[in-house]
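Dear colleague,

Please find below the sequence and the structure for your review. A summary of the findings follows them.

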Amino acid sequence: MTDDVERLAEWVGRREHVADVIAPGPAERLAATLGHDHGAPAAGDELPPGWHWIYFLEATPRDQLADDGHARRGGFLPPVTLPRRMWAGGRITFARPLRIGEAVRRYSEILSITPKEGRSGKLVFVTVRHVISGDDGPAIDEEHDIVYRHTPSPNAPPRTGEAPPTDPAWRRVVEPDAALLFRFSALIFNAHRIHYDRDYVRGVEGYPGLLVHGPLTAILLLDLLRESCPKRPLRRFDYQAKAPLFDNAPFTVAGMPTVDGAALWAETPDCVVAMSGTAQLA
């Protein structure tokens, strides 16, 4: 893998700059997708934490999509040849809330490209930093981890999952379905077929159902936190994806207070941690 590592290293330090407006329409549609009934957002309203992921969308032409629905490799992100690309986690610092109607800019940079050897074979981790600013100064500083890996062997032994805490202070059951996943895919302009094409996800990827998006799971955790601690602004959120969630059964988002914030997690129907997170609150 030496030649690949040397070739991919050329992408470290690559930068990208995009602009957008925190328009009310996407936020209203995400609220409807999550089941909120707060009415249409007005200019100046705060954008909830994590909802910045429905802005700064890459408008990849259809003829530049790969068979799995992702954009073909080798643009801003490096041309990693491993076939599966997954949202692995990240770390987000919130300096202030974004607001509806605000003109914003996002500066992105490839921080690192790290090959590793996992239980299922070769992995490549790509970390991207995003800094979002507006007229009132910096708002979000985010490091986003993406993992590329081989297609696992059908004979590979099942992974041992992490058991979730048994005494959450907050808990909500989420019933995913194709409509939820389709709407979220549309909101983030994501054509990855694992989220909406059931024949593809079963026949090609070998999963039992449609996969719940990593950012959707993270937003559900932050949504639970916002309802449970409405008067304490979020300052930092670290999260890590650990196991997949599917649309064929309900899953749970839960959390509990800590000294400086909260511990959050999503758990599969089999009581395995699918995503863990820690939040620091003001």
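**Findings**

Cysteine 271 has a relative accessible area of 46%, so the residue counts as partly exposed. This cysteine 271 lies in the loop that joins β9 (261-267) to β10 (273-281). Its phi is near 60 degrees, a positive value in a residue other than glycine. Most residues other than glycine have a negative phi. Please bear in mind that the model is predicted.

A positive phi also occurs at phenylalanine 56, which is not a glycine; the angle there is about 55 degrees. Phenylalanine 56 is found in the loop between α2 (24-34) and β2 (84-94). Is this residue, phenylalanine 56, buried or exposed? Its relative accessibility is 8%, and buried means under 20%, so phenylalanine 56 counts as buried.

As for the chain as a whole, it contains 5 helices and 10 strands. A compact globule of 282 residues would have a radius of gyration near 19 Å, and the chain agrees with this, having 19 Å. The C-alpha trace spans about 50 × 45 × 35 Å along its principal axes. Among contacts in the chain with a separation of 6 or more, 74% are between residues 24 or more positions apart.

Of the 282 residues, 45% count as buried. The accessible surface of the chain is about 14,300 Å², and carbon and sulfur atoms account for 51% of that surface.

Yours sincerely

Key: Residues are numbered from 1 along each chain as its sequence is written. This is a predicted model: local features need pLDDT of at least 70, side-chain atom pairs count only at pLDDT 80 or more; totals for chains, interfaces and linings use all residues. Side-chain values use heavy atoms; hydrogens and water are left out. Helices (H or I, at least four residues) and strands (E, at least two) are DSSP runs, numbered from the N terminus. The radius of gyration is taken over C-alpha atoms; the globule rule is 2.2 Å times the number of residues to the power 0.38. Buried means under 20% relative accessible area, exposed over 50%, partly exposed in between (1.4 Å probe, protein chains only). Contact means heavy atoms within 4.5 Å. Accessible areas come from the Shrake-Rupley method with a 1.4 Å probe; for residues, only the protein chains shown count as cover.
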